[in-house]
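Here is a brief report on selected helices and contacts. The sequence and model come first.

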Amino acid sequence: MDLFGVVNLDQLSHGLAGLSMFPYFDTAHYIVSVMALREQPGVLEVARRSPFACWFSSMLYCFGGGILSALMMAEAPIAPLSKNINVLMASVIWYLVFYCPQDVVYSCIVLFPLRLVLTGMKEVTRTWKVLGGVAQAHSKYKDGLLVMIAIGWAEGAGGGLISNFEQLVRGVWKPETNELLKMTYPTKVTLIGAVLFALQQTQYLPIQKHHLMLLYTVFTVVNKTNMMLTGSSSSPFAPIESVVHRTFFAWPSPSTCTIFTSETKTPVVKKPSTDSSLTTKKGTGESLSGAAVPETSKTPWSPSKTAAHNRGKASQKKAKEQPENTETESCKKSD
């Protein structure tokens, strides 16, 4: 690109492309990965109870990308562990972080300035991992754009994508923490890098490889450093994700549809209108308009009142019949 030649960044991009990751950048990657494992809840108990399970989890954190990409490429998943020097270096770092006397190594690494530098160096290795995965897939599948993206994504963010298997090694099963359900910032930025490098490999993106490497590396390092300095855990892609989700994937929920249909099907019941002329005053036989009200309307009919009235009549008849009976009996006696 002419822009890189104008601002004298062409030599910088070539120098970055020829930079070797071993041993300094790989060491930073192993340190940050093992530190991330140690800060998981319950890991220290696993380290005391089963050091081998803790070591195996650490190797999955350090070499998870290579293991996952090898599985996807139908290669031996143990191949990333074939480099003895890398495995030895990662194992030494694991032992010092977890079992160093007085916890000296962890206390030094946890210092913010040193950790900021190590995290920035780890982000540099992300570029090489993504590019290596895309190039490996391109060598076998020339036109397989989706395959390139998948392998580059797995190579750069494999430790997070196989996090459920790593948790299972430690005796933890949390399927709700699946990385695909709620992707973290490293997984998202790695996916973006895999797409960019795959488009560049297939010549859909008109940019040279070393220039894209410089741009992507600067972007990842600056963003990660800014997130650590500000203490923010939110992804910088959150506003774009929100707009895309509302535009293309914001379908109405089933509860909303149910409420809407129930409201449309519910008939409207009209209340009977009350006429003010039919209301009467309490204790009077006049309506509100001043007209006289019949006696029958003063006392409303009720079954209890009619029953009591009938019982009263029956008692009166019995009282009348009793003296008549006594008179007839006296007459009979006198006869």
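## Crossing of α5 and α6

In this predicted model, helices α5 and α6 lie oblique to each other. Their axes come within 10 Å and cross at roughly 125°. The crossing of α5 past α6 is right-handed.

The α5 side of the contact comprises Pro51, Cys54, Trp55, Ser58, Met59, Cys62 and Phe63. On α6, the partners are Asn86, Val87, Ala90, Ser91, Trp94, Phe98 and Tyr99. By class, eleven residues of this contact are nonpolar, three are polar and none is charged.

## Val169 in α10

Val169 belongs to helix α10, residues 163-169. Its relative accessibility is 25%, so Val169 counts as partly exposed.

Beyond its neighbours within four places in sequence, Val169 contacts Ala53, Phe56, Ser57 and Leu60. Ser57 is 112 residues away along the chain, yet the C-alpha atoms of Val169 and Ser57 are 6.8 Å apart.

## Helix α11 and its cover

Helix α11 runs over residues 185-201, 17 residues in total. Its first and last C-alpha atoms are 24 Å apart, close to the 24 Å expected at 1.5 Å a residue.

Buried residues of α11 include Tyr185, Val189, Gly193, Ala194, Phe197 and Gln201. Lys188 is buried too. The cover over the buried residues includes α8, α9, α12 and α13. Just after α11, Gln203 adopts a positive phi of about 65°.

Conventions. Residues numbered from 1 in each chain as written. Predicted model: local features only at pLDDT ≥ 70, side-chain atom pairs only at ≥ 80, totals over all residues. Heavy atoms only, no water. Helix = DSSP H or I, 4+ residues; strand = E, 2+ residues; numbered from the N terminus. Expected span 1.5 Å × (residues − 1). Buried < 20%, exposed > 50% of the residue type's maximum accessible area, 1.4 Å probe, protein only. Contact = heavy atoms within 4.5 Å. Axes fitted to C-alpha atoms, helices over the stretch in contact; angles between N-to-C directions. Parallel < 35°, antiparallel > 145°, perpendicular 65-115°, else oblique. Left-handed = near helix turned anticlockwise from the far one by under 90°. Nonpolar A, V, L, I, M, F, W, Y, C, P; charged D, E, K, R; others polar.
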